[in-house]
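Dear colleague,

I am handing over the structure we spoke about, and my notes on it follow below. Please read them with the model open beside you.

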Amino acid sequence: AHPLLQTYIYTRDWLWLVTPSLANEFEEYVTFGRVALILFVAIWILSAVFRRRLPYRLWRYSHYLSYPLLGFVFLHALSIGTYLNSFPLVKNWWFVMTALFYAALVSRLVDGAGVGRARYVLSRKEMVGNTIALLTFMPKGKHILPAIGQYAFIQKRRFGESHPYTVM
């Protein structure tokens with residue numbers, strides 16, 4: 001509601017919501033908010049309107065847009081947020097949320113890179129049915145010890161998708 005209310009209050013044309021402007025420093029930070037709004041609307045449309053028509057991976061990857069969206073929101077609000085700059089408690093809370101966001105972002109990047117995960121080499125692949133493969137892995141150093149019937153997520157390459165496989 002914030003962008004709509006700001007457009008109405010300042011009696012701007014509705015096109016103002018999506019028109020970037022770098023005329024001055026204030027407009028640059030307003031443009032960060034505009035970009036965040038456009039990303040939010042794109043994610044919402046893909047999730048609410050086109051969800052059933054999109055392939056799962058495209059729908060899933062579209063949600064990665066929420067990371068830059070939040071980055072733009074934090075920059076926008078910190079630079080021109082009047083309430084944010086007027087109340088120290090609110091500003092401190094904003095800094096805490098910003099720090100948590102960046103910590104989550106770094107955590108996701110580190111996890112996607114496979115840092116700290118056990119590494120294995122595929123030593124044998126045997127087809128035991130039309131669609132069932134028996135994969136045998138050999139550890140390269142540190143290894144995991146799952147129980148039979150549990151599953152393990154296997155990621156073929158850094159920043160690649162991981163898929164669950166049943167352990168036997």
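Tyr8 lies in helix 1 (helices are DSSP runs of H or I with at least four residues, strands are runs of E with at least two, and both are numbered from the N terminus). This is a predicted model, in which local features need pLDDT of at least 70 and side-chain atom pairs count only at pLDDT 80 or more, while totals for chains, interfaces and linings use all residues. Residues are numbered from 1 along each chain as its sequence is written, and side-chain values use heavy atoms, with hydrogens and water left out.

Tyr8 has a relative accessible area of 62% and is therefore exposed (exposed means over 50%, buried under 20% and partly exposed in between, with a 1.4 Å probe and protein chains only). The C-alpha atom of Tyr8 is separated by 26 Å from that of Pro68, which is 60 residues away along the chain.

Helix 2 packs against helix 4 (residues 66-80) at an angle of about 150 degrees, with the axes 8 Å apart (axes are lines fitted to C-alpha atoms, for helices over the stretch in contact, and angles run from 0 to 180 degrees between N-to-C directions). Helix 2 is therefore roughly antiparallel to helix 4 (under 35 degrees counts as roughly parallel, over 145 as roughly antiparallel, 65 to 115 as roughly perpendicular and the rest as oblique).

Finally, Phe159 sits in the loop between strand 3 (151-155) and strand 4 (162-166). Phi of Phe159 is near 60 degrees, a positive value in a residue other than glycine, and Phe159 is exposed, with a relative accessible area of 55%.
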